[in-house]
Amino acid sequence: MFNDLFSLKGRVALVTGGSRGIGKMIAAGFLSAGAAKVYITARKAGPCEATASELTAQYDGECIALPIDISTVAGAELLATEFTKREPKLDILVNNAGAAWGAEFDEFPESGWDKVMNLNVKAPFFLTKALAAPLRAAASAERPAKVINIASIDGIFVNPMETYSYAASKAGLIHLTRRMAVKLISDHVVVTAIAPGPFQSDMNRAARDHGDEVATRVPAGRIGTDEDMAGAAIYLASRAGDYVVGATIAVDGGIVYANPGIKGSGWDSE
């Protein structure tokens, strides 16, 4: 009954923003769990292809680069077109690509609002919509297809940093996850989200460059590791997570739910 509970053997996944940071952690985790193919996308072709080659060399499965900018609906549709040229079915979609912007309230620019909202909220919706056919083709009652949105703990609690559009976008993505789950569960497509806390990435420079300092403000006493993020994603993507529908899991060392109070800033995820 419990054999292969966390296995992704033979499955095909697509991870946006997969060339680095949290996206790369998840792509590597999927390959380690037996995924046959993991497609990764990013704006920059060089890093995307380099990561694909690196991960293919490390694991039995294949990592394939599809470098495309998905910040527009046209870009999302292009990615879906390129994917469906290669694969008839998509078992797992991870909407990880994201952006952040910080500025004081009185100076916050419209460009910093639109860039973040377009990539963090609009893109996950329209990419999932564009890939609905291969997701539905892969899905069955016995083995649902999965959509995993990468939100942030900033969408659950208020970060002291002035990242207005980022916080709003991630809160919106958490609610969008629930709304999409309502629609797609009848097609045996399970939609969930992960809300990361501090992990080393180019977006989270505090955790990347000052991990020991940030760790003092995490109840678990450390920042997140590759295994922490990959483990949560594998759980949701595998048979183990089939009955988890519409939920957002905070992977944050206790910042949101086991913290006696906010003792500083720097939680910004991804």
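Buried means under 20% relative accessible area, exposed over 50%, and partly exposed in between, computed with a 1.4 Å probe on protein chains only. The legends below describe a predicted model, in which local features need pLDDT of at least 70, side-chain atom pairs count only at pLDDT 80 or more, and totals for chains, interfaces and linings use all residues. Residues are numbered from 1 along each chain as its sequence is written, and side-chain values use heavy atoms, with hydrogens and water left out.

View A. Between the C-alpha atoms of Val73 and Ala130, which are 57 residues apart along the chain, the separation is 9.1 Å.

**View B. The bend and the buried residues of helix 4**. Helix 4 (residues 110-130) bends by about 45 degrees at Lys122, with Pro124 following within four residues; the bend at a residue is the angle between axes fitted to the seven residues ending there and the seven starting there. Pro124 is also one of the buried residues of this helix, which are Gly112, Val116, Leu119, Asn120, Ala123, Pro124, Leu127 and Thr128. Among the elements that cover these buried residues are helix 3 (73-86), helix 5 (132-138) and strand 5 (145-150).

**View C. Helix 1 against helix 9**. The axes of helix 1 (residues 21-32) and helix 9 (residues 226-237) come within 8 Å and cross at roughly 60 degrees, axes being lines fitted to C-alpha atoms, for helices over the stretch in contact, with angles running from 0 to 180 degrees between N-to-C directions. Helix 1 is therefore oblique to helix 9, given that angles under 35 degrees count as roughly parallel, over 145 as roughly antiparallel, 65 to 115 as roughly perpendicular and the rest as oblique. Helix 1 contributes Ile22, Met25, Ile26, Gly29, Phe30 and Ser32 to the contact, and helix 9 contributes Asp226, Met229, Ala230, Ala233, Ile234 and Ala237.

**View D. Helix 1 against helix 2**. The axes of helix 1 and helix 2 (residues 45-58) come within 10 Å and cross at roughly 30 degrees, so the two helices are roughly parallel to each other. Lys24, Ala27, Ala28 and Leu31 of helix 1 meet Thr51, Glu54 and Leu55 of helix 2.

Technical notes
Contact = heavy atoms within 4.5 Å.
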